[in-house]
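Dear colleague,

I am handing over the structure below, and after it you will find notes on what turned up in it. Please read them with the structure open.

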Amino acid sequence: MEYRKLPHGDELISVLGLGTGSLVEASEEEIEQVIRLAITSGINFFDLCAGNKKVFRAFGKAIKNQREKVYIQVHFGAVYNEKDEYAWSRDLATIKNTFAYILKELDTDYVDFGFLHCVDELDDFEELKRNGVFDYLKDLKSQGVVHHIGLSSHTPSVANAVIDTGLIDMMMFSINPAYDYEYGDELGIGSVKERKDLFVRSESLGIGISVMKPFFGGKLLDEKQSPFKVKLTKNQCLQYALDRPAVLTCVPGVRNLKDLKELLSFIDTSPKENDYAIIGTFKINKLENNCVYCNHCQPCPMGIDIGIVNKYYDLATIGDDLAKSHYHKLKLNATSCVQCGHCNSQCPFNVKQMQRMLEIADYFSKN
């Protein structure tokens, strides 16, 4: 299992996380087995949105005596009605009661990540502030009951507004090829540029991303339902998301042990099996000339890490001075390019990397 460090903390987070909402149909015994197997397999990041009392109770049993091995993401605004069904609320009292209930069922006195839930409109954020939910979350962090504040969103402009508070350490965002290239449903919000700029900005500010909807609700796994009319594998979708800037972990849901075991195959598969270069063959003009740092252009004959050079450039151009410093410390950078054309011939997205290397070298010669 690969682990990535949370920039605003010491947590090392597994690149494969687990959502628990889909476990509601499993027995309590199987849910506990799923969580235990996930932990022993190296998964340490769990999202508890959309579960129910059975899921919370089983999760609490599974982490008993090993709480320090897991990082828990809880959504403030995801609540459970009298029928024990997942629902939404912006009411402070309801949210407080739900959080107390979750802590009790999990038998823990803290959560690692407290998220403002589903902030898709600016009005959502204003309401969370007006109702005292944001202040409540800040108070919990000051008490050590919540270790990090985050949000879940589908909307780049709104996510940016919340990030502007300077209080966000983590964000849950929908990432998959359909959404990123403006194909998909009503939750695939934002243009190619808006979404990429959000991911790049998050990385520049040290805000980690946990990924929801990596399979586009399963549609990318079925050629008949996929907007591209081509079937992708789960592993291709996971790798695609993990290659985006700022992403620390993907958090797909599973329904049972069988699903979990299938998901865990990602750990042992080869880079070739996870290669998503096929996306470059899709007839989507928005993909053209857009470096996604996938490094399909490797190996560069001169040894340049072309993906990281592009990433530092994109970060630097939005004002990230640390990225500039990182670029200048590279042993090989854009000035090492000999214009051989290997990268251009290998790029599945038709990025004109030869010209881009000249552009990048010129930029950093002046900055």
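**Rings and their partners**

Tyr 110 has the charged end of Arg 67 over its ring, 3.9 Å from the ring centre, where a charge counts as sitting over a ring if NZ of Lys or CZ of Arg is within 6 Å of the ring centre and within 35 degrees of the ring normal. The ring of Phe 134 likewise lies under the charged end of Lys 138, at 4.9 Å from its centre.

This is a predicted model, in which local features need pLDDT of at least 70 and side-chain atom pairs count only at pLDDT 80 or more, while totals for chains, interfaces and linings use all residues. Residues are numbered from 1 along each chain as its sequence is written, and side-chain values use heavy atoms, with hydrogens and water left out.

The whole structure holds 14 aromatic pairs (rings of Phe, Tyr and Trp, the last by its six-membered ring, with centres within 6.5 Å; planes under 30 degrees apart are stacked, over 60 edge-to-face, the rest tilted). One of them joins Phe 56 and Tyr 101, which is edge-to-face because the planes stand at 85°, with the centres 5.8 Å apart. Phe 56 belongs to helix H2 (residues 53-63) and Tyr 101 to helix H3 (residues 92-106), 45 residues apart (helices, H or I of at least four residues, and strands, E of at least two, are DSSP runs numbered from the N terminus). Ring pairs also link Tyr 313, Tyr 327, Tyr 363 and Phe 364 into a cluster.

Best regards
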